[in-house]
Amino acid sequence: MPFILLYLPFLIGFGVAPMIYALDLAFTNENGGGWNGFGNFAHTFEDYRFLPAFEHILLYTGIWLVALIVFVTGLALLLHGRANRVSSGFRFLFYLPGALAGAASVLVWLFMLDPAVSPFSFLMHHVFGIQLFVQSIAPGHLPFVFAMIAFWTGAGGWIVVMYGALNTIPRELEEAALIDGAGPVMVALRLKLPLIRRWIAYMVILSFATGTQLFVEPQLVNEASLGLVPDTWSSNQFAYQLAFRYGDFNTAAAVSVDLLVIGLLAAVLIVTRTGLFRRGD
Amino acid sequence: MRIAARGLRLVILAAFAVFFVVPILWLILTPTKSDARLVTGSPLSFGSFHQIVLAWDHLDAFSSHIYRLWIGNSLLYALSATAIVLATAIPAGYGLALGNFPGRRLVLTLTLVVMIMPAAALVLPIFLELNLLHLIGNVFSVILPFAFFPFGVYLAYIYYSTAVPTDLLDAARVDGAGEWQTFRHVALPLAKPIVALVFFFSFVADWNNFFLPYALLANSNQYPIQVGLSDLLSSTPSFNPAQGGGGQQVNIFRPELALATLIAVIPVAIVFLLSQRALVRGVLAGAVKQ
């Protein structure tokens, strides 16, 4: 079929080949040397920065996932409870920060976390007892801070998706439940929630995979804090530093293979388990 | 009781609206004020239009107009990569949906898996690969990986396999049109809605990508705006009072940094607002199992 011929070089060159080459590097010695088994993996595992980086991203991802599950599902159900113009207005407002992704969202939140200029400074002073920017980005706060940034930019998009999924529930089903005497809360929790379960599963697996790849947020905070926050805070940063500062491509490849495996597993789980991408053919 | 529940619902929704919207309002208002006024005045007050001009002059003067260069680079990378995506993904989706050839399932599965995988997972592998080929630091080392956009192929595939009646294409073939002509004259004109969708997702993904250009480009003249912002951030004392006089030399303080961020998101915000409705409908029509 000639129609895929233009696409194939891209799929191979920037999809398949990088993965195979990373695997090749991860299992061999430097300078194109021989097979090294799991030597590079063991080497990175013993590095004092490896485990903290994985702890950081797992903690951050955990916090973010809980926030997504509770608030995205909760807000989508709240918005769907009374579908009217107010509801669509709120959906639009929640969706808006999605336009600010990448470095822009991090910069905005660096400002929001600086009590000197933040519109939330009242909250920071009186609820969290924070007077200075350095207190906001104290090491213990960082997983929460990054989870909040990720939630701020991405939650609105997921609320729109969940709301759309809720719209596919047949109206008669809801009406029947209401006639049977179920209140709106009961309908939301007992009827609607189970019916959008696979979408929640999709959101959780996809976000888990994305969360483990964290890079831009800690990288910018590292620059803004003049090294107060280490430049190997997340695993992807650690891999980046191994490649760029030490030129150690084999161990860098080993760490990126760790992360690739997480991403691949998540993708395979979504395709085979959620049923969202299964098609007739 | 009912009224109380409704009130509670509105209070919760309004609280989240504040969380989502206030940072954006703050960002829009900040370039209108001087750095000193930011600290002393109310965070959500309006300053003056004159102050915006002043902030722009400072920003534009930074490193001899490099800010304009970064925006231009971002446009160049995102638009040229998206053009390649459209030229490759639409025919590929068509071929995968309606063709029957060896390896079709494999290509489809690989596309799906790479599409779902987080893009950041491939950045270092792509760096290592291009490093082997001595292509690092070249603008094509950013544009070509950007031009690989499996989600676009998937969207086109879904569209052609569900929304386009095969009878229509068969009719064209019966009329004597070859495979290529059928695509060119029947399938391609039908792809208009999908072109808009693929353009949106590809452009936004490329514009907002930080990690890939950060890893693959070495020269700050080649940076797209996202990486440029990090450069700007590290050369100001805004978050580092310890850096002291650093800001005086480059004249980049918080209002300038906020303006730089604001301008950097305008293209995406425009695309966002324009396609909001179509997007919400289109995403779900494509994503929900038929």
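Tutor: Residues are numbered from 1 along each chain as its sequence is written, and chains are lettered from A in the order in which they are written. Because the model is predicted, local features need pLDDT of at least 70 and side-chain atom pairs count only at pLDDT 80 or more, while totals for chains, interfaces and linings use all residues.

Student: Why is F10(A) called buried?

Tutor: A residue is buried if 20 or more other C-beta atoms, placed from the backbone, lie within 10 Å of its own, exposed if 12 or fewer, and partly exposed in between. F10(A) has 21 other C-beta atoms within 10 Å, and therefore counts as buried.

Student: What is F10(A) in contact with, leaving aside its neighbours within four places in sequence?

Tutor: Two residues are in contact if their C-beta atoms, placed from the backbone, lie within 7 Å. With those neighbours left aside, F10(A) is in contact with T88(B), A147(B) and F148(B).

Student: What makes helix 5 of chain A mostly covered?

Tutor: Helices are DSSP runs of H or I, at least four residues, numbered from the N terminus. In helix 5 (residues 102–112) of chain A, 11 of its 11 residues are buried, among them W109(A) and F111(A).

Student: How do you know how the radius of gyration of chain B stands against that of a compact globule?

Tutor: The radius of gyration is taken over C-alpha atoms, and the globule rule is 2.2 Å times the number of residues to the power 0.38. For 290 residues a compact globule would have a value near 19 Å, but chain B has 24 Å.

Notes. Helices (H or I, at least four residues) and strands (E, at least two) are DSSP runs, numbered from the N terminus.
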